[in-house]
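Here are my notes on the model you sent over.

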Amino acid sequence: MENIYFIMIIALAGLAIADLVVGVSNDAVNFLNSAIGSKAISFRTIMIVASLGIAFGAIFSSGMMEVARKGIFNPSEFYFNEIMFIFMAVMITDILLLDFFNTLGMPTSTTVSIVFELLGAAVAMSIIKIGIDGGSVGDIITYINTSKAFEIIMGILLSVVVAFSIGAMVQWVSRLLLSYDFQKKARWVGSLFGGIALTAITYFIFMKGIKGTPYAGETYDALGGLTISAYLENQVFIIVLVSLLFWYLISFVLTSFLKVNIYKLIIGVGTFALALAFAGNDLVNFIGVPIAAYQSYEAWAASGVAATEFSMGVLASKVPTPTIFLFLSGLVMVATLWFSKKARYVADTEINLARQHDAKERFEPNYLSRSLVRISMLVSQYTATVIPNSVTKRIDNRFKKPVIEMPKGKIHELPAFDMVRAAVNLMVAGILISIATSFKLPLSTTYVTFMVAMGTSLADRAWGSESAVYRVAGVLNVIGGWFLTAIIAFIASGIILAIISFGKGTAIGILLFVAILILARNYISYNKKSKALIAEDRLIKAESSSIQGVISESSKNISNVMKRSGKLYRNCIEGLARQDLDRLKKNKTSVVKLSKEIEELRDHLFYFIKNLDESNVEASNFYINILGDLTDISQSLEYIAKITHKHVNNNHKKLKFNQIKELTEINQQLETLFSNTKDAFDNGSYEKIGIILDQKQDLYNLVTEKIEKQIARTRSEESSPKNTTLYFSMLIETKDLMEATMELLELYYQKYDQSVPAASVSKE
């Protein structure tokens, strides 16, 4: 029997490594985003600074390991075998849950997941024990450390509101004092901001580091019989005052004489501090449970008592974590930070939600986000009537954004936000985590950093009328994901615990095998998705500043659309002929994707026009007309895909043989049209467009002929109203598709040969 528990320890060690990888992939968002979003320092420098922070934080995190041992449940109420089952259920659940959120690109809380997994597994084991002993549900409070669990949960939930509010307030005051022209302010202003920010960040580093060392809990006569930790907490005011004066003078010297950008320094030090906090505060979430299991195994193995009789009261005492484990964990975390693609995917979510300027919005607005924005606008309008106009104007001037010269062809390289906001994000998050650490609360660093970033972006007026509903919807989605994390973690760990408890070693083996399969499947699926995004046909935003450049760039888009249009139309006809619902459903999704890409091009129109040279404004009219024709093409395809899918999905009668034959004939002609057009644009052979245009009337006549045949059939033999409606709708929309394509070709042909008169396409 002993071998089973030894194997479980080995399995938990493997799970700990895997959990470190998926955990860092999710939590890297906490300390990287401010530096990456502001582009204040190079990405390589950011990674080096963050790696050093993680390394130091991992070594100083021993004290926080107590949470996994006794923070959620009363260990003395459980036997060794029960504790091992709890720990195994928690680790399996944690890895699968975090990997799921990483794959979605959603930042979630590793603290919340581990707390609710421990709670769910402990509650499930308690219910099993109560059932065996014949007790009542009320006895569950004997097993669960309800007061500490409630304190942890409330601390996590309150951090959402507190972080958002304080982040917004500090950013508002900072912007009011510094404005967007902070680089032009007097040196003493920047030095004062640097002094305050660096004081907050270094105090946080100092307190965090000291509390993690084994010396923090020892008493010293020189300190009046107090521990180092207690002494520092009693001298907070003096330490902060001295630090503020020291860092103000350092900041003044750096900015005045050495010409150092103090904001870059703050961002660098702040990134180090948050990385240290992440490793120190969140390492318990990844290895706390396996370490507790290992120490439990050591105590049990030395006792000589049966696993089903050995009480785990030993976990209630403070046991230092071996430094070698902390060191190795730090190495794994640093390696993951450098090599994990998912970490950067998760980071993109927060950066986009906090972005100062408009960009592609990842989230769709919903009823709640629209309602909150409307309420906020009403409150803002009411506030404007109360505050004097003179005061409002002065405040508005402080928040007036400078006109940024659009870099030609490099719009996407603009920073997401400026260095003031990045510095405030790091400073406020550091202070809040310091306070939580002083109260020994395993605060969610994800919640704090994310909500601080959202609060500062709101106060900085980054959520304007153009983007507010999308950004609020994004924040609500992320917060909803957090609550979902708690619920799933609690239920899933409880279920897995029950399976392990009844299935013992066999159940553990099966669950581990399933977990490995799921992780491997997600990894393969994510890699395929990433490669597909790189390799797939996507429409390219025009960034050229001349009409020749627009013709060249947009030609690639036309070729792309022609290729996809031919395939989409063919899928509609063949799916309808074979009554293939699955094919029609996938085709409908593909058409919607094409429409969204064209919509993104239209959304980019503002930046395209701003990017044009004065002498080439004519290119804007050309580009607008191209987008109009592409939109018409996608709308026709979307309508045809929708009605064909609806017809088959509703189990209506199949089209008749002659109808399918006629549609197939039209499809062949359209495929030829799309193929020839694609070849012309791929090779830049615009003279061939004239040959294609010569066939225009033949195509229209073909569709007209089919319409007339269907009219005759309807009057004599057709018996299905649904078939008739579908067939006419497809023919009419197909003709619109042809006309939009021909108009597009005429646009290019006119630019190729200016002697060609503006053709007027007949729309019968």
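Predicted model: local features only at pLDDT ≥ 70, side-chain atom pairs only at ≥ 80, totals over all residues.

1. The protein chain has 26 helices and two strands. Of its 764 residues, 52% count as buried. The accessible surface comes to about 35000 Å², and carbon and sulfur atoms own 63% of that area.

2. On contact order: take the contacts between residues at least 6 apart in sequence, and 84% of them join residues at least 24 apart. Several of the points below give individual pairs of residues from separate parts of the chain, including Arg461 with Asp396 and Glu665 with Lys706.

3. Have a look at α17. This helix has 15 residues and runs 21 Å from its first C-alpha to its last, close to the 21 Å expected at 1.5 Å a residue. Of those 15 residues, 14 are buried, so α17 is largely enclosed by the rest of the structure. Just after the helix, Arg461 takes a positive phi of about 60°, which is one to click on if you check backbone torsions.

4. Arg461 turns up again in a salt bridge. Its partner is Asp396, with the closest N and O atoms 3.0 Å apart. The two come from distant parts of the chain: Arg461 sits in the loop between α17 (445-459) and α18 (468-535), while Asp396 belongs to helix α15 (residues 389-398), and 65 residues separate them. What about burial? Arg461 has 36% relative accessibility and counts as partly exposed; Asp396, with 32%, is partly exposed as well.

5. In total the structure holds 16 salt bridges. Another one to inspect is Glu665 with Lys706, where the closest N and O atoms are 3.0 Å apart.

6. Glu705 pairs with Lys709, the closest N and O atoms being 3.5 Å apart. Both residues lie in α25, four residues apart, or about one turn of the helix. Glu705 is partly exposed at 34%, and Lys709 is partly exposed at 37%. Elsewhere, salt bridges with shared partners join Arg175, Asp418, Arg421 and Asp460 into one network.

7. Now the surface. Trp188, Leu192, Ile196, Phe252, Val253, Phe257, Leu258 and Val260 make a nonpolar patch of about 750 Å². The elements giving it two or more residues are α8 (187-212) and α10 (236-256). Which of them supplies the largest share? That is α8, with three residues. Phe252, found in α10, is partly exposed, with a relative accessible area of 30%.

8. Leaving out residues up to four places away in sequence, Met427 touches Val170, Ile196, Ala197, Ala200 and Ile201. Ile196 is one of the patch residues.

9. Last, Thr644 in helix α22 (residues 618-649). At 0% relative accessibility, Thr644 is buried. What does its side chain reach? The backbone oxygen of Ile640, at 2.9 Å. Setting aside residues up to four places away in sequence, Thr644 touches Cys572, Leu576, Leu584, Leu726 and Met730.

Notes
Residues numbered from 1 in each chain as written. Heavy atoms only, no water. Patch = residues over 30% accessible without salt bridge, like charges linked within 9 Å, V, L, I, M, F, W, Y side chains within 5 Å. Areas by Shrake-Rupley, 256 points an atom, 1.4 Å probe, with all protein chains shown as cover. Salt bridge = Lys/Arg side-chain N within 4 Å of Asp/Glu carboxyl O. Buried < 20%, exposed > 50% of the residue type's maximum accessible area, 1.4 Å probe, protein only. Polar contact = N/O pair within 3.5 Å; in protein donor to acceptor, adjacent residues only side chain to side chain. Contact = heavy atoms within 4.5 Å. Expected span 1.5 Å × (residues − 1).
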